[in-house]
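This report covers the fold of one protein chain and the setting of one of its residues. Please read it alongside the structure below.

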Amino acid sequence: MDARFLYPLESCKIIHLLRHGQALHNVEAEKDRNALLSPHLFDAPLTYHGHQQVENLRKCIVSSGLLKRVELVVTSPLLRTMQTAFGVFGNEHEQPNMISSPPILALEVARDRNGVRPPDMRRNVSEYQSLFPTIDFSQIESEEDNLWRPDVRESEEEILARGLEFMKWLWKRPEKEVAVVSHGIVLQHMLYVFANDCDESIRHELCKRFANCEIRTVVIVDKGLV
């Protein structure tokens, strides 16, 4: 065994990064990338296959015991991510004999790349609250989407800055095991924040493109505490 690092548990957090299930815009983009500019794909929902992916992942995290360990779920406030977050980690009926579900918190910093493409624009918070009454939207300041811009696409540098902002926010949270439900490019940039601490081979594998409904688990360490 090649053990090169040893850190105390109190300086670590376990983060489960999950990309949403297959959504309608994913399917349409495979046929024609220009479809991503269609207003008909506004806040694209999961497809039937996407819902199946979510259901299968739910079974896996229940059987593995992960659902019992996760203390908080952070989700992007877009329809496809919240459908995934609730489908995988939520408890629709909250029955006493069912596994208790962790709280789910919607956070703007976890949303998809902003601008130009209608699938990445969110609905009003009040509409989401009626669809997902158990999700906490208290961290979202604006009822309407004031981040999405019709003529400017968010740069990768801006996404990386968001990833850093999110990881700093996450580290201040008391929870030690957290699930994050977001979007492929955003999850990659969250991982890029720590990529320089990894060997090149590990970095390549860790930061490669996420498949729909793929979950990737990492441990982050506050080296200032060790």
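## Asn-114

Between which strand and which helix does the loop with Asn-114 lie? In this predicted model, the loop that holds Asn-114 runs between strand S3 (104–106) and helix H5 (125–131).

Is Asn-114 buried or exposed? The relative accessible area of Asn-114 is 6%. Because the cut-off for a buried residue is under 20%, Asn-114 counts as buried. With neighbours within four places in sequence left aside, the contacts of Asn-114 are Asp-120, Leu-147, Trp-148, Val-152, Arg-153, Glu-154 and Arg-162.

## Overall fold

Eight helices and six strands make up the secondary structure of the chain. Along the sequence their order is β-α-α-α-β-α-β-α-β-α-β-α-α-β.

Of the contacts in the chain with a separation of 6 or more, 78% are between residues 24 or more positions apart.

## Burial and surface

The chain has 226 residues, and 48% of them are buried. Its accessible surface is about 12,000 Å². Carbon and sulfur atoms account for 53% of that surface.

## Helix H4

Helix H4 spans residues 79–89. Nine of its eleven residues are buried, so helix H4 is largely enclosed by the rest of the structure. The buried residues in H4 are Leu-79, Arg-80, Thr-81, Met-82, Gln-83, Thr-84, Ala-85, Val-88 and Phe-89.

Technical notes:
Residues numbered from 1 in each chain as written. Predicted model: local features only at pLDDT ≥ 70, side-chain atom pairs only at ≥ 80, totals over all residues. Heavy atoms only, no water. Helix = DSSP H or I, 4+ residues; strand = E, 2+ residues; numbered from the N terminus. Buried < 20%, exposed > 50% of the residue type's maximum accessible area, 1.4 Å probe, protein only. Contact = heavy atoms within 4.5 Å. Areas by Shrake-Rupley, 256 points an atom, 1.4 Å probe, with all protein chains shown as cover.
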